[in-house]
Amino acid sequence: MKKTFRAGLVVVMLLAGTAALLWYLLMRRQVPEHARCIPKDAIAVLTLNLRELALDRSSGEHLFPEMADKQILHKELEPFSNAIEANNGSGLAETADVLGFFFRDGEEAYWGICAGVKDSAKFGKLLREQLTRQFSIKSFSLTGSSMVRFDTTSAVLGWNNDVAVFLYPFGNSSAGQTSSHCAKLLSQKEEQSVLSDENFRRHELSSFDAGLWIQPGELLKFTQGGSLMKAYFGNEKYISL
């Protein structure tokens, strides 16, 4: 009887330990590999931990209670959600981190967003067949990457088999310049990206719903030693992020 009880206890402990290990492996944070598309001299990187945000949302509580009764975002996002539904999915890695970033290259500066791609064919179909019905999107390819340009703006979205990059110029850069930068980022090697920075890697492994990583040296260079920041925000009392 005692042997049976001990054997049962060992099995229960083994199953519990295995379940705990699997949970840890599934939930532990990993450095997002698609960050290789972000230049190593980026001024700032904003990381959205979609897995944690989804868990927060699963509680049934609104992530932004002050907007719970408003339809602002619903109306703006409805065309995209309808297109994704009609496409039977977005083709993106839906639980992978989404990274927003800001960088400067010479006299040009860009806002960017990068996300992991799970099915590039499905993602391309979403853009070319579904969203073109509702938006003015021009598709083209450049140096082996698929791209689309939005309306008459210089905003460009490019993607390959495992990552998508959206770029919007901070200034008067042309669509051609933006496209070239987008193609460059998509083919960028890890040592040219923020992944080569151990501080960034440690930051990405910390626990957060949303995390902001800034390189003060690059920020000061972009703002001319802080003079631009003073000119823009010198009379502001608060800045909320």
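Reader: Thanks! Of the contacts in the chain with a separation of 6 or more, what share comes from residues 24 or more positions apart?
Author: That share is 68%. Before we go on, please keep in mind that this is a predicted model.

Reader: Noted. How many helices and strands are there?
Author: There are eight helices and eight strands in the chain.

Reader: And in what order do the strands sit in the sheet?
Author: The order is 4-5-6-7-3-2-1-8, in an open sheet of eight strands with antiparallel pairing. At the edges you find strand 4 (137-142) and strand 8; each has a single partner strand, so one side of each has no neighbour in the sheet. On average, neighbouring strands are turned by 20° against each other, direction ignored.

Reader: Let's zoom in. How many bridges join strand 1 to strand 2?
Author: Five, and these two strands run antiparallel. As an example, A44 has F102 in strand 2 as its bridge partner.

Reader: Which strands does helix 4 touch?
Author: Helix 4 (residues 120-130) packs on the sheet and touches strand 4, strand 5 (145-150), strand 6 (156-159) and strand 7 (163-169). Its direction makes about 155° with that of strand 6.

Reader: What about helix 5, which strands does it lie across?
Author: Helix 5 (residues 175-186) lies across strand 2, strand 3 (108-116), strand 4, strand 5, strand 6 and strand 7. With strand 7 it makes an angle of about 150°.

Reader: New topic: which residues form the nonpolar patch on the surface?
Author: L46, L48, L212 and I214 form it, and together they have about 310 Å² of accessible area. Strand 1 (44-48) and strand 8 (210-214) are the elements that give two or more residues to this patch.

Reader: Why does L212 count as partly exposed?
Author: Because its relative accessible area is 46%, and partly exposed covers values between the 20% limit for buried and the 50% limit for exposed. L212 sits in strand 8.

Reader: Now G91: is it buried or exposed?
Author: G91 counts as buried, at 8% relative accessibility. You'll find G91 in the loop between helix 3 (72-86) and strand 2 (98-105).

Reader: What is G91 in contact with, leaving aside its neighbours within four places in sequence?
Author: V117, K118, D119, K122 and F123. Also, the C-alpha atoms of G91 and G124 are 8.1 Å apart in space, although the two residues are 33 residues apart in sequence.

Reader: Last one: what percentage of the chain's residues count as buried?
Author: 34% of the 241 residues do.

How values were computed: Residues numbered from 1 in each chain as written. Predicted model: local features only at pLDDT ≥ 70, side-chain atom pairs only at ≥ 80, totals over all residues. Heavy atoms only, no water. Patch = residues over 30% accessible without salt bridge, like charges linked within 9 Å, V, L, I, M, F, W, Y side chains within 5 Å. Areas by Shrake-Rupley, 256 points an atom, 1.4 Å probe, with all protein chains shown as cover. Salt bridge = Lys/Arg side-chain N within 4 Å of Asp/Glu carboxyl O. Helix = DSSP H or I, 4+ residues; strand = E, 2+ residues; numbered from the N terminus. Buried < 20%, exposed > 50% of the residue type's maximum accessible area, 1.4 Å probe, protein only. Contact = heavy atoms within 4.5 Å. Pairing = 2+ DSSP bridges. Axes fitted to C-alpha atoms, helices over the stretch in contact; angles between N-to-C directions.
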